[in-house]
Structure formats: C-alpha cells, structure tokens
Amino acid sequence: KVYRDYDSHFKLVLLCTTVSGGGLLAYGEAVATSEAAVTEKKKKVLVLGTGWAGTSFLRNLNNPSYEVHVVSPRNYFTFTPLLPSVTCGTVEARSIVEPVRNIFRKKHVDSRFSEAECIKIDAVNRKVYCRSNINNNLNAKEEFVVDYDYLIIAVGANVNTFNTPGVTENCHFLKEVEDAQKIRRTVIDCFERASLPSVSEEERKRILHFAIVGGGPTGVEFAAALHDFVREDLVKLYPGVKDFVKITLLEAGGHILSMFDKRITAFAEDKFQREGIDVKTGSMVVKVSDREISTKEMKNGGEITTIPYGMAVWSTGIGTRPFIKDFMTQIGQINRRAIATDEWLRVEGTNNVYALGDCGTINQRKVMEDIAAIFKKADADNSGTLTVKECQEVINDICERYPQVELYLKSKQMHSIADLLKESKVDDKKESIELNIEELKTALANVDSQMKFLPATAQVASQQGTYLAKCFNRMEECEKNPEGPIRFREEGRHRFKPFRYKHLGQFAPLGGEETAAQLPGDWVSIGHSSQWLWYSVYASKQVSWRTRALVVSDWMKRFIFGRDSSQI
Ligand code: FAD
C-alpha cells in the first residue's frame, strides 16, 4: 500500500510546491521520508514453494508490515489429493490447479512472485540463490539472488527411489500435474499399442500389465482408479484386448495401507483380490528395466523373480531435494530425511528460518524427551512401573500431543500394546497388571529413525502454514508489547504456543465408489457413504470457488458420460 500511495504523494507534493512554495515542499518531503522509512522497516519474508504449506501461509498472512517474495518453479497451487483422479480422466488437470497470483492478489500485504527454483540457501548471509525455469533470449536461464529477514522453506519433497537401478529411467511418478497427465496418456497408449494387429499375444499381455510399486495411500488409490477406468470405460472401447489387462500392486512390507487401521487394511486387501488386482506383499523391487521388474520375494527366502510389464508407476515415499540436503549440511543437520525444526517450526540452528510441510520435521529427540517427561510425571513413586490405567492416561496424553504415535502404534502391528492401552474398557483384573516403563519407552523409541513424527500429508502442511502465518501476524505486536497478553519472552520461552497438529482423519478411496475413512476417535467407516463424505470433503477443501465448480462439474460429467479416453 505504501508503494502504491508513494507516487500519488509525490504528485501532490509537486502541486503543492507550485501553489504554496517551499514550506509545503518541506512538509511533502517529510511525508515521503517517513513513508520511505516505513517501507524500509518492512521485514522481508521469502517464501519458497507454492504447495500446501506455502499457499496456506500466504492465504493467512494479513499483516501489512511484511514485504513478501514468493519463489517457486510453478506459478500455481495443485490440489494433490485429486492427482490420482487426473491419471484416469475422472477430473481434468486444470480443475485442480489455482494460479498463486490469484491466491495473494487480494491481500493487503506487499507480495511479489518469481517463477524460479531455489538452488542454494546461504543462511549466514541471509541470501537465497534462484534460477528461473524460463529460457531467456540466449537460451539460458536467468539467475538471481534474493535476501531475506525471514525465510520460509516449504518446498515439499522429492520422489524417493531408494537408488533402485532403472527406476528414474523407466517408471512413472505421481507427484505433479504433469506426471498425472503423462500417466493418462501412457495408459491409453498401452491400449492402442496392444490393439495393433501385428502385436503377439505375449507382447499384448506384457503391454497391458500395469505395475504399481508401493502400497501406501497414493499407490492404492491409483490402482483403484485405474481398475475403475479399465472396468467402466476402456473395456467397452477396447473389447478385443480386455482379457489381457492385469494390474499388480507390489508392496515390500507385509500389508498395504499399513498406516491405516487394520480393519481398513484387511478390507482393502480382500477387495483388491476379489476384483482381480494382484496384491503382492513382501515383494521388494530391486531393479527395473524397460520391460521387466525384478523383485526380491521376502516370503520365498529372498528369491529374485522378474515380472514383464507395460507401464510402471513408482510410489514408495518421499526423499530430500538436493539443495535442501546442502542446506542441512551447512547448518549441521547431517543424515536426516527432512529439516529438523523445533515445535515452533523454526529450523534448529537458525533463528529466522522456518521449515513447513514435507520438507521439515519436528525434532524427534525433543519429542522423545517430551514423552519421557510424561512417563516420569506419571510414575510419581519412582517405581519404574505403571498400572494399565496409568499407562492408558500416559498414552492418551502422548497420542493427543502426537497423533502420529497412535498411527505408528497401529501401523507396526503393535496392536496388543495399543489396544491394551487405548481400550476404554480395561477390566478390573487387567488393572493390576504392571507394565515396565522402560519397555514401553523402548517400544515408542523404536520408531524408525527416518519416520516423521507427523505424517507427510497435505493436512499437516496446511495446518503448519496457517499456524506460522498467525504467528507472523502477531509477531510485531508481541515484540512491541512484551509484557502484554503473551508474556513468555524470557530465555528458553516463546512468544507463541508451539504448533499442535490436529488430526482430522484420513481417506483411502478403494474404487467402485467405495472409500475407507478413518476419523478421529478410532471411527472407521468403509463403503459408499464414506465415498460421499470423500466427495463433500474434497469439494469443500478446494482453494477457490472456481476450482470447486470445475471439480464438481468434472465429477458430474463422469457420472453422465464416463471418462474421456482420448490422448489429449
Ligand atoms: P508440496 O505441496 O509438494 O509443494 C512444494 C512446493 O515447492 C511446490 O510448489 C513446488 O513447485 C515448490 N518447489 C519445489 N522445488 C523448489 C525449489 N527448488 N525452489 C522453490 N520452490 C520449489 N495428503 C493428504 O493429506 N491427503 C491426501 O489425500 C493426499 N493425497 C496425495 C496424493 C498424491 C498423488 C500425492 C503426490 C500426495 C498426496 N498427499 C495427500 C500428500 C500431500 O500432497 C503432501 O503432503 C503435501 O503436498 C505437502 O505439502 P508441501 O507444501 O510440503 O509440499
């Protein structure tokens, strides 16, 4: 606002000078100088990334005392939960993206956007090196440096291939809109190729074998979406090849959807087997060539088998972006998957850099100390043991603070402990059982060192963005008024409450208009009613009325006309 008004003030000063002489000029200069001072005083906030975390920060930041610069290689936000629907044409790509300039256009905050990627962070000199992804006249890419007072890193994560040979060259990923569009074209390509008269039966079988690596929510949802697409639309269009189609889901662990309640896992595995989706658990992919996938079969003593395939989609989890690795080395965070932050989302070892969403993680050591403190408090008589009831309270307390611990207890099949402790109706006899605190602590500490204490989901990223924007909105007020309502300013204490994740539940669409929903309070629902809940939640979570209208109309079009199978 100051920038915009600056020009008009100057015009006014010139006019006044001609009319009233030097006295007014002096006044005008004073106004301009004080405004310039205000402009100068504005803190520079640099936001890297326009995904869930970055846009939710931008949407909620409303304090005009900042000058915001956003840098991201994409000038739009993507509603990632609907990417699997784009792969099969249930929803169009344009319906799930929103230009970022639309998102911060209405704000009173001075904001600018640069379509570029960050290539290096210099935390000592508070500078970020960026490279535009648009070629200039010389066919080179512009590079520039941006300095900052506060840096918000919200760049998400890379696909993790675990250095498996051949994955990058031969597999599709499902991370960006372009990936989803490419998958859609390749699926149709496979059907067209398999329909050519010159293709042998064996080759036809290979071409129409769709392999999905990774039995997490994304892999499962894609398998279900592809199965629906084939069964409801493609078999009608390609009747000659329909019997050759096969979908295989490869999962290295013992179950698919292992982070969900065991009832959902069992339902999904049964449903897929019934519908002909081949779920191979205990199958670890060790190599991918252009025609075959090699797997190590855990159930057969590590035997290596090869599976011919036509299209493979790799969806096994997330890794670290190279420039983030470099930044982590700079600040002494080595051998980590994500940037460690404190509970206020500030990067450990810095005081003006924040990391949100998939690229950050709240330091596990701190969490474990916190958990240990909760145990210690409950063990008032220092006996080293707690009754089941006491344990129940402790675990409830921990799960409330860290919902991921609860998910973890379930996912690792530690159902006995979780059930014992979380069961609300522990009977009297059981109450006399004493559980060893050390054993329990070890069970909790056994969390895989790479695991984030918060899941890498849009829900976490967007809550973190909103939380940090609210902190920034109040930062100036808190600094000016240290004795004010938020008093905790001394050493080791904080101006803001720490970030607390509120788990609102999770969905796993399983195809055939059936979805599994796991909602807070251990409430599990599977079936058509959950599918309608899924539709309403995802329609309501859209970032604009424009995308909401487009997504709903795509769903309606699909109900009426089926999915579009053209390659465009
Ligand atoms: P992202 O949303 O990935 O955003 C990262 C941003 O950083 C992007 O704008 C990117 O362009 C930008 N960027 C990248 N590199 C640079 C760079 N060098 N410099 C500057 N900017 C950069 N979560 C759920 O909760 N529910 C779901 O149903 C769900 N479904 C999913 C389905 C799919 C197919 C996928 C891939 C993910 C799904 N997720 C879901 C997970 C969710 O999308 C992520 O957890 C979430 O996107 C993380 O948000 P983020 O802001 O950290 O990163």
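Two strands are taken to pair if DSSP finds at least two bridges between them, and helices (H or I, at least four residues) and strands (E, at least two) are DSSP runs numbered from the N terminus. The model is predicted, with local features requiring pLDDT of at least 70 and side-chain atom pairs counting only at pLDDT 80 or more, whereas totals for chains, interfaces and linings use all residues. Residues are numbered from 1 along each chain as its sequence is written, and side-chain values use heavy atoms, with hydrogens and water left out.

On these terms, strands E14, E15 and E16 make up an open sheet in the order E14-E15-E16, with antiparallel pairing. Its edges are formed by strand E14 (283–288) and strand E16 (303–308), each of which pairs on one side only. Neighbouring strands of this sheet are turned by 35° against each other on average, direction ignored, where axes are lines fitted to C-alpha atoms (for helices over the stretch in contact) and angles run from 0 to 180 degrees between N-to-C directions. Strand E14 is joined to strand E15 (residues 292–297) by five bridges in the antiparallel sense, and the two form a hairpin with three residues between them. Within this pairing, Lys 287 stands opposite Ser 294 in E15.

An open sheet of three strands is also found in the order E24-E25-E26, again with antiparallel pairing. Strand E24 (506–511) and strand E26 (523–527) stand at the edges with a single partner strand each, so one side of each is left without a neighbour in the sheet. The twist from one strand to the next averages 10°. Strand E24 and strand E25 (residues 514–519) run antiparallel and are joined by five bridges, with Phe 507 opposite Ala 517 in E25.

The ligand is surrounded by 31 residues, of which the closest are Ala 53, Thr 80, Cys 118, Asp 358 and Ala 458; a residue is counted if one of its heavy atoms lies within 4 Å of the molecule. This shell divides into 16 nonpolar, 10 polar and five charged residues, with Ala, Val, Leu, Ile, Met, Phe, Trp, Tyr, Cys and Pro counted as nonpolar, Asp, Glu, Lys and Arg as charged, and the others, Gly among them, as polar. At least two residues of the shell are supplied by each of helix H3 (52–60), strand E2 (66–72), helix H4 (83–87), strand E5 (110–122) and helix H18 (458–480), and H18 gives the most, with three residues. Because domain 1 (42–156 + 320–360 + 458–503) and domain 2 (167–319) both give residues to the shell, the ligand lies between them, the domain bounds coming from an automatic or database domain assignment.

A nitrogen atom of the ligand is 2.9 Å from a polar backbone atom of Cys 118. The protein covers 90% of the 990 Å² of accessible area that the ligand has on its own, as given by the Shrake-Rupley method with a 1.4 Å probe.

Technical notes
Polar contact = N/O pair within 3.5 Å; in protein donor to acceptor, adjacent residues only side chain to side chain.
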